[in-house]
Amino acid sequence: MSGGGVAAAGGQEGRMRSVLVCYASRYGSTREIAGWIADELRGAGFIADCLPAGKELHPAAYDAAVIGSALYMGKWLAEARELVSRERIPLGRMPVAVFSVGYSLKELTRPSLQAGEAALSDISLFIAPRDAAFFPGKVDPERVSPADRAILSLAGIPGGDFCDADLVRAWARTLPALLGLIQGGE
Ligand SMILES: Cc1cc2nc3c(=O)[nH]c(=O)nc-3n(C[C@H](O)[C@H](O)[C@H](O)COP(=O)(O)O)c2cc1C
């Protein structure tokens with residue numbers, strides 16, 4: 001549970017505070033990670049909608065947003081980049097945290113973190129997130145498209161599941177304070 005706890009999740013006017021957790025995922029691991037984040041927020045007493053990034057999303061209806069994408073060829077997926085660009089005005093007015101999911105992030109070395117930071121350059125044109133997390137993902141060469149399998153093979157990337165629910169949930173528990181959703185937060 002968040003340090004803020006369920007009792008702290010209402011705003012000053014007693015309304016339950018709401019968070020949009022949205023994600024871009026090709027093969028499901030980023031969707032699963034977003035689900036863990038939303039789950040922690042709900043456990044802390046917030047309304048948390050967990051939805052795929054798409055044209056029908058309206059972040060302005062929420063008190064805060066958490067936006068995540070898998071990394072492909074060093075970039076966030078197009079639908080997440082487009083969401084940030086399209087909704088930059090409401091997102092610019094609300095607290096936002098972002099997360100990236102990638103195979104390279106299984107080891108948080110300087111080059112892998114630099115690659116993760118570079119992927120954020122597209123979105124930092126439009127928004128200034130309060131925090132950016134980097135989570136290791138999952139690669140299953142048997143389950144990807146032939147084109148993606150060819151890229152994995154060319155890049156010499158073997159399969160593996162490096163998703164770490166504890167790491168993700170620990171970050172999610174910092175979000176209420178980070179996003180200013182509880183007293184004592186920013
Ligand atoms: C074709 C392809 C390209 C990828 N490119 C990157 C990359 O540039 N950096 C990275 O860290 N991971 C990369 N990955 C790994 C994915 O980001 C990782 O598997 C992630 O968990 C996939 O998320 P998803 O299941 O939500 O689509 C790539 C995977 C594939 C199949």
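Mentor: Helices (H or I, at least four residues) and strands (E, at least two) are DSSP runs, numbered from the N terminus. This is a predicted model, where local features need pLDDT of at least 70, side-chain atom pairs count only at pLDDT 80 or more, and totals for chains, interfaces and linings use all residues. Residues are numbered from 1 along each chain as its sequence is written.

Trainee: How many of the residues of S5 are buried?

Mentor: A residue is buried if 20 or more other C-beta atoms, placed from the backbone, lie within 10 Å of its own. Val 96, Val 98, Ser 100 and Gly 102 point one way from S5, while Ala 97, Phe 99 and Val 101 point the other way. In a regular strand the side chains alternate between the two faces of the sheet. S5 is mostly covered, and the number buried is seven of seven.

Trainee: Which residue is the bridge partner of Phe 99 in S6?

Mentor: Two strands pair if DSSP finds at least two bridges between them. S5 and S6 (residues 131–136) run parallel and are joined by six bridges. In S6, the partner of Phe 99 is Ala 133.

Trainee: Which residue in S5 stands opposite Val 66?

Mentor: S3 and S5 run parallel, with six bridges joining them. Opposite Val 66 stands Ala 97.

How values were computed
A residue is buried if 20 or more other C-beta atoms lie within 10 Å of its own, exposed if 12 or fewer, and partly exposed in between; C-beta atoms are placed from the backbone.
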